[in-house]
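Could you walk me through this structure as someone who has never seen it before?

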Amino acid sequence: MSYLFIFLLAICVVVTLFINLHPVFGRNPNSGQKERYSKFGNYDNGKFVNQVPTKMDMNAFDYFSMIKDSISGAKDRNPAGQLPVSKIDWNKIKSEEDNLTWFGHSAFLLSIDNKKILVDPMLGPTASPVSFVGSKRYSEDMLHLIDEMPTIDAVFITHDHYDHLDYPSIKKLKNKVNHFFVPLGVSAHLIGWGVKKEKITELNWWDETEFQGLTVAFTPSKHFSGRGPLNRNSTLWGGWVILGDKTRFYTSGDGGYDTHFKEIGKKYGPFDLTLMEGGQYDRRWSWVHMTPEESVQAHLDVNGKNMMLIHWGAFTLAYHGWTEPIERAFNASEKSGVSMIAPAIGETVPLDGEFSIPASFWWK
């Protein structure tokens, strides 16, 4: 029995050391940051909180049902084979026209007023701190695309979860990016990964700033954060408003449906294009992720003209079929009269002029 105890103790020590020493887990905000955050209304007892009380825990039945679903759930949770990536037109991306290129899930490159903005650049192969655990990317590893990208004027991060803030991607990107815009607390991760402090701007909900002629605002979402077992909600989460001369743009970040969308629409709408999360939903975590139908309603709430569904097409993080989110979103958009686009991974969509639904549905 003593040998078993020693073995288990050794395992706990190794795991603890790995979590505390490996850079992929990031760093926690320092005492000075925590002191500053304590003055904010969305920070309580050392943790960030949502605008409305939000249940975050599942009961034992939910956990058992998840285990069951992982074994006998939808057979089409993953594509039958590797998803193709469209040949990326770098000349179009580098042009002066406003455009958007999607890399799957919530990662995309936005060209607006000839500024190149990369949002949630998770381009690594696994949505996990370690390669042998976690969902694998449906398409090829996309880290090599960073070498082909033009200089990035700014990177915007919505929150610090692994499927949005990717250590290998940031390490490869950091010397190619002029500035980083992040939620409160996320600078600790970036600084730990070698990004210079002066290249980082942290924002709270409703904070607004100017960046090279663009109006930038960080907006609320109903979600949570954390990269390790002991630092949940030590950093903030949210969405981004980016307003240019010709394009008014909004991306929701992750989060459940609530009244904040109408607040965002009232303050910053209308938007020419909204990118709304809605691809990793489940009744067991309905408070922190939207269904596709809720995503369409949120688009209407923020007063969007054209919508694109994100948080799908790259990783399996929920128990529904991998194409179900986009199919449900299209059905809901047709019923609501919402114009929706669904570009293929790697396809560049011009944002000038009228948007249109693609003639063919690439995921079928």
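Predicted model: local features only at pLDDT ≥ 70, side-chain atom pairs only at ≥ 80, totals over all residues.

Residues are numbered from 1 along each chain as its sequence is written, and side-chain values use heavy atoms, with hydrogens and water left out.

Let us begin with the rings. The structure holds 24 aromatic pairs; rings of Phe, Tyr and Trp (its six-membered ring) pair if their centres lie within 6.5 Å, and planes under 30 degrees apart count as stacked, over 60 as edge-to-face and the rest as tilted. F218 and W240 make a tilted pair, with 4.6 Å from centre to centre and 50° between the planes. This pair links distant parts of the chain, since F218 sits in strand β10 (residues 214–219) and W240 in strand β11 (residues 239–243), 22 residues apart. Strands (E, at least two residues) and helices (H or I, at least four) are DSSP runs, numbered from the N terminus. F218 counts as buried because its relative accessibility is 0%, and W240 counts as buried because its relative accessibility is 0%. Here buried means under 20% relative accessible area, exposed over 50%, and partly exposed in between, with a 1.4 Å probe and protein chains only. Elsewhere, ring pairs join W102, Y138, W312, W322, F330, F361, W362 and W363 into a cluster.

One member of that cluster, F330, takes us to helix α10, where F330 is buried along with P325, I326, A329, A332 and S333. Helix α10 (residues 324–336) has 13 residues and reaches 18 Å from its first C-alpha to its last, close to the 18 Å expected at 1.5 Å a residue; the expected span is 1.5 Å times one less than the number of residues. The cover over its buried residues includes α9 (292–301), β14 (304–310) and β15 (339–341). Just after α10 comes G337, with a positive phi of about 70°.

Turn now to α9, where P292, S295, V296, A298, H299 and D301 are buried. Among the elements that cover them are α8 (260–268), β13 (271–277), β14 and α10. N303 follows α9 and has a positive phi near 70°.

What about I112? This residue lies in strand β4 (residues 108–112), and I112 is buried, with a relative accessible area of 0%. Leaving aside neighbours within four places in sequence, I112 is in contact (heavy atoms within 4.5 Å) with D98, I117, L214, I242, L243, G244 and T247. By C-alpha positions, I112 and K172 are 23 Å apart in space and 60 residues apart in sequence.

We finish with the backbone. Most residues other than glycine have a negative phi, and most peptide bonds are trans. N45 has a positive phi near 55°, in the loop between β1 (43–44) and β2 (47–48), and N45 is exposed, with a relative accessible area of 75%. W206 also has a positive phi, about 75°; W206 is in the loop between β8 (200–203) and β9 (208–211) and counts as partly exposed at 27% relative accessibility. Lastly, the peptide bond from G269 to P270 is cis, with omega near 0°, and P270 lies in the loop between α8 and β13.
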